[in-house]
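Please read the following model with its confidence values at hand.

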Amino acid sequence: MRRIPRIGGAVVGAVLALSLAGCGGDDGDGASGTSAADLQGRGPITFVTGKDRSGNLQKQVDGWNAEHPDEKVRIIELPDEPNEQRQQMIQNATTKSDAYTVLNLDVVWTAEFAANRWLTELPKDKIDLSKMLPATIKTGQYRDRLYAVPSTSDAGMLYYREDLLEKAGISEPPKTYQQMWDACEKVKDLDEAKDIDCFFTEVNKSESMTISMVEAIGSAGGAIIGPDGKPAVNTPQAKQGLEFLVKAYADGRMPKSAITLDTEGGRRYFQDGKLVFQRQWPYQYSLANEDDGSSKVAGKFAVAPLPGPDGPGVSNLGGHNLAISAFAKNKATGLDFIRYLTGAQAQRDNLLATSQAPTIAALYDDPELVKKFPYLPVLKSAIESATPRPVAVKYGDVTAAIQEAGYSAVTGDAPVDKALADLQGKLGTLTAQQ
Amino acid sequence: MTTTHDERSAAAHAAAGAPRTRKARGGGGAARGERRLAALLLSPTLLVLALVIGYPVLAGFRESLYARGEGLDENGFVVEGTRFVGLDNYTAIFSGDAADAFWNAFGNTTFFTFTTVILETVIGVGMALIMHQAFRGRAFVRASILVPWAIPTAISGLLWRWIFQADGAANAVLRQQILWTADGFPAKLAVIIAEVWKTSPFIGLLVLAGLQMIPKDVYEAARVDGASAWQQFRSITLPLVKPALLVAVLFRMLDVLRMFDLPAVLIGVNQDSVETLTMIAWFEASNLRYGSAAAYATILFGYIALIAYLFVKLLGADIIGEAREQTKRAKRRKPGPKRKAVAS
């Protein structure tokens with residue numbers, strides 16, 4: 001019985017083959033030379049980064065190119081999605097291509113990129129790190145060696161409805177969870193805020209969940225991965241941290257839809273006036289203050305450091321670092337360009353154009369900037385006391401495990417103890433060799 | 001693989017038809033020459049197929065037998081080099097947590113395939129029947145039915161994401177508070193709805209092409225005999241449109257078995273309720289475990305091949321069946337001079 005049609009067979013085969021062909025080969029032999037002495041060669045380079053939405057980056061690069069006609073920089077824009085940026089950079093590294101020189105890395109990628117020898121170690125003595133916030137410098141290091149220079153930073157802050165708190169007779173933003181819940185109860189007694197939700201931090205199953213976990217556990221005095229590099233989610237502090245998220249959701253202090261809201265969803269929720277307290281990134285500040293009708297809370301909110309169980313809480317650190325690909329040519333130019341982009345003037349211009357938080361401490365105290373971005377002092381203290389996300393070579397697996405544990409606990413699928421015990425086991429395997 | 005084999009046997013078949021007739025007239029050398037010519041003429045095709053299909057399949061399989069170094073040396077650097085691990089990547093899939101994730105994804109993939117293809121077929125045939133009618137504004141209806149198919153999947157994923165968000169259109173219309181995009185059963189429903197919306201027009205279009213091949217007089221004869229509309233549909237439309245329909249369904253099945261973009265955009269990656277096999281392969285690859293990713297892809301390859309084979313076997317979806325039927329009939333009925341014409 002030869003009933004299988006011939007052309008049909010061919011088409012089936014072709015479709016199947018295409019489903020396989022996507023999985024490309026990688027032989028992963030890295031370069032040997034990643035030491036700081038290798039920073040040689042001058043000439044044209046590329047700068048690989050996400051979308052330059054404001055056009056400010058192009059302006060800064062134009063400024064550089066005018067002064068360095070023989071060492072021109074070309075911007076290579078990658079997709080918006082951070083994971084796709086990472087993919088393309090990894091692809092470039094595994095093929096050892098010299099197409100990418102300076103890489104704009106998310107703070108959590110440093111360990112993976114450095115451990116795989118995809119980055120050139122940077123000389124600490126040739127970069128002025130003294131003016132930068134110490135917490136941000138840590139994100140550019142792997143095993144005490146510097147691989148990336150922080151160019152922008154980010155940290156969570158507590159946005160709160162100043163107007164409602166005032167009407168409820170509360171003058172100070174809360175410093176502890178209990179104060180926050182008490183304040184919320186008082187606000188809810190107001191007629192205009194009967195149906196308002198108390199609090200929101202992102203608990204959807206994504207990178208945001210990891211950030212919320214890091215903040216909640218850090219605020220309780222714990223850490224997901226301890227200073228010794230071993231997972232520490234079997235501690236009472238980790239339990240207390242996760243329980244805060246679980247209870248806030250179960251008790252209805254967070255909206256029921258919290259498990260589906262992403263960063264932008266949370267922003268819309270706050271801007272619609274449905275929240276008293278919200279943990280959010282600084283970018284929301286100017287957007288929620290727009291008076292074009294898109295925000296119902298313009299001028300009605302303020303920011304404060306995140307609260308914790310018994311005192312101020314801990315924020316998580318975001319932001320980007322600049323690094324030099326191990327396979328690039330003209331690394332000396334690359335280093336100069338990094339110094340230029342992370343310098344005080346460039347960061348100041350960038351803050352004004354894109355409102356991305358700088359890494360240079362002095363800019364947070366600049367009166368002109370503080371006038372334009374009133375949240376800067378709060379953000380500075382948040383960054384100073386912030387903790388990074390777990391440093392792991394297998395960060396992708398680590399964050400997936402954390403998300404799974406956090407999400408199953410918050411949705412009630414798994415009790416807190418079991419979720420954390422599972423997580424401890426998984427992290428133990430994933431970080432065994434670090 | 002199957003392709004080259006089938007192509008070769010097709011060539012052999014075509015060539016084999018000829019010698020018998022020629023031999024009758026005593027021309028053995030000519031037959032060999034013709035066979036060689038056939039092979040020569042087909043060789044560019046075979047070469048291209050070997051390059052674009054054979055090589056990736058084999059390279060993917062080879063990749064699945066290797067693992068990239070994952071350990072760290074004392075300075076914290078990854079120990080480099082790939083090593084041969086035999087079938088370890090495959091056995092790892094079926095042990096421990098990975099097995100749970102695999103069977104969950106396998107179940108999701110199968111569930112999505114059956115539910116969406118059945119719904120799409122019913123809706124697609126309905127669409128085709130409507131598009132086939134002659135009425136005012138028919139061109140407009142045809143064009144508008146095709147719009148979902150024309151939208152890139154990632155974009156339609158985003159559109160449906162807006163519809164399904166907590167304060168989105170779906171909940172507003174249903175007057176419910178369903179958390180569609182949270183990890184759970186509603187997420188499965190959301191994916192099915194979006195997938196069916198997007199791909200029903202594909203089946204509709206192919207079935208419409210089949211419908212247009214059916215001669216009008218068959219229906220006229222049926223009407224004269226007093227057949228009801230349902231009888232006409234069951235006894236004329238369905239059997240005559242079956243070849244086109246089966247091809248459309250086969251293509252949809254192959255497509256949905258490797259579904260990735262829609263659930264990834266609509267719900268997100270690493271969501272147990274909508275994770276498909278391709279999504280696991282993607283996750284493995286994005287975490288630099290290319291060998292393991294290739295193993296997942298190879299298993300999926302085998303699964304798709306099995307489903308396609310069973311489908312073709314059981315339902316007789318026959319893509320060039322018509323041509324072969326003619327050949328057979330010609331052989332059976334008309335021996336002699338006509339046969340030569342068909343064979344050559």
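What follows starts with confidence, then takes chain A and chain B in turn.

This is a predicted model. For the complex, the predictor gives an ipTM of 0.82 and a pTM of 0.83. Chain A has an average pLDDT of 89, and 91% of its residues score at least 70. Within chain A, the lowest confidence falls in helix α1 (residues 6-21), with a mean of 43, and the highest in helix α9 (residues 236-250), with 97. The pLDDT is below 50 over residues 1-34 of chain A, yet this stretch has 87 contacts in the model beyond near neighbours in sequence. Where pLDDT is low, predicted coordinates should not be read in detail.

For chain B the mean pLDDT is 84, and 84% of the residues reach 70 or more. Residues 1-26 of chain B have a pLDDT below 50, with 46 contacts in the model beyond near neighbours in sequence. Residues 334-344 of chain B also have a pLDDT below 50, and here the contacts beyond near neighbours in sequence number twelve.

Turn now to the sheets of chain A. One is an open sheet of five strands, ordered β2-β1-β3-β11-β6, with mixed pairing. Its edges are β2 (73-77) and β6 (148-155) of chain A; each has a single partner strand, so one side of each is left without a neighbour in the sheet. From one strand to the next, the twist averages 20°. Strands of a sheet pair through backbone hydrogen bonds, in either a parallel or an antiparallel sense. Strand β1 (residues 45-49) of chain A and β2(A) run parallel and are joined by five bridges. To locate this pairing in the model, find A:Phe47, whose bridge partner in β2(A) is A:Ile75.

Helix α12 (residues 331-341) of chain A lies across β1, β2, β3 (102-106), β6 and β11 (317-324) of chain A. Relative to β11(A), this helix runs at about 150°.

A second open sheet in chain A has four strands in the order β8-β9-β7-β10, again with mixed pairing. Which strands stand at the edges of this sheet? They are β8 (197-200) and β10 (301-304) of chain A, each of which pairs on one side only. With direction ignored, neighbouring strands here are turned by 15° against each other on average. Strand β7 (residues 157-161) of chain A pairs with strand β9 (residues 275-280) of chain A in the antiparallel sense, over four bridges. Within that pair, A:Met157 has A:Gln280 of β9(A) as its bridge partner. Helix α7 (residues 177-189) of chain A lies across β8 and β9 of chain A and runs at about 145° to β9(A).

Further along chain A, two helices pack on each other. Helix α16 (residues 395-410) and helix α17 (residues 416-430) of chain A have axes 9 Å apart, at an angle of about 175°. That angle makes α16(A) roughly antiparallel to α17(A). Residues in the contact include A:Val398, A:Ala401, A:Ile402 and A:Ala405 of α16(A), and A:Ala419, A:Leu420, A:Leu423 and A:Leu427 of α17(A). By class, the contact of α16(A) with α17(A) has eleven nonpolar, one polar and three charged residues. Among the charged ones are A:Asp397 of α16(A) and A:Lys426 of α17(A).

In the first, helix α4 (residues 96-132) and helix α8 (residues 185-213) of chain B have axes that come within 6 Å and cross at roughly 45°. This makes α4(B) oblique to α8(B). The crossing of the two is right-handed. Their contact has 15 nonpolar, eight polar and two charged residues.

The other pair is helix α12 (residues 277-286) and helix α13 (residues 290-315) of chain B, whose axes come within 7 Å and cross at roughly 165°. At that angle α12(B) is roughly antiparallel to α13(B), and the crossing is left-handed. Among the residues making the contact are B:Leu277, B:Ile280 and B:Ala281 of α12(B), together with B:Tyr290, B:Ala293, B:Tyr296 and B:Leu300 of α13(B). The contact of α12(B) with α13(B) counts nine nonpolar, two polar and one charged residues.

Note on methods
Residues numbered from 1 in each chain as written. Chains lettered and ligands numbered in written order. Predicted model: local features only at pLDDT ≥ 70, side-chain atom pairs only at ≥ 80, totals over all residues. Axes fitted to C-alpha atoms, helices over the stretch in contact; angles between N-to-C directions. Parallel < 35°, antiparallel > 145°, perpendicular 65-115°, else oblique. Left-handed = near helix turned anticlockwise from the far one by under 90°. Pairing = 2+ DSSP bridges. Contact = placed C-beta atoms within 7 Å. pLDDT = per-residue confidence, 0-100.
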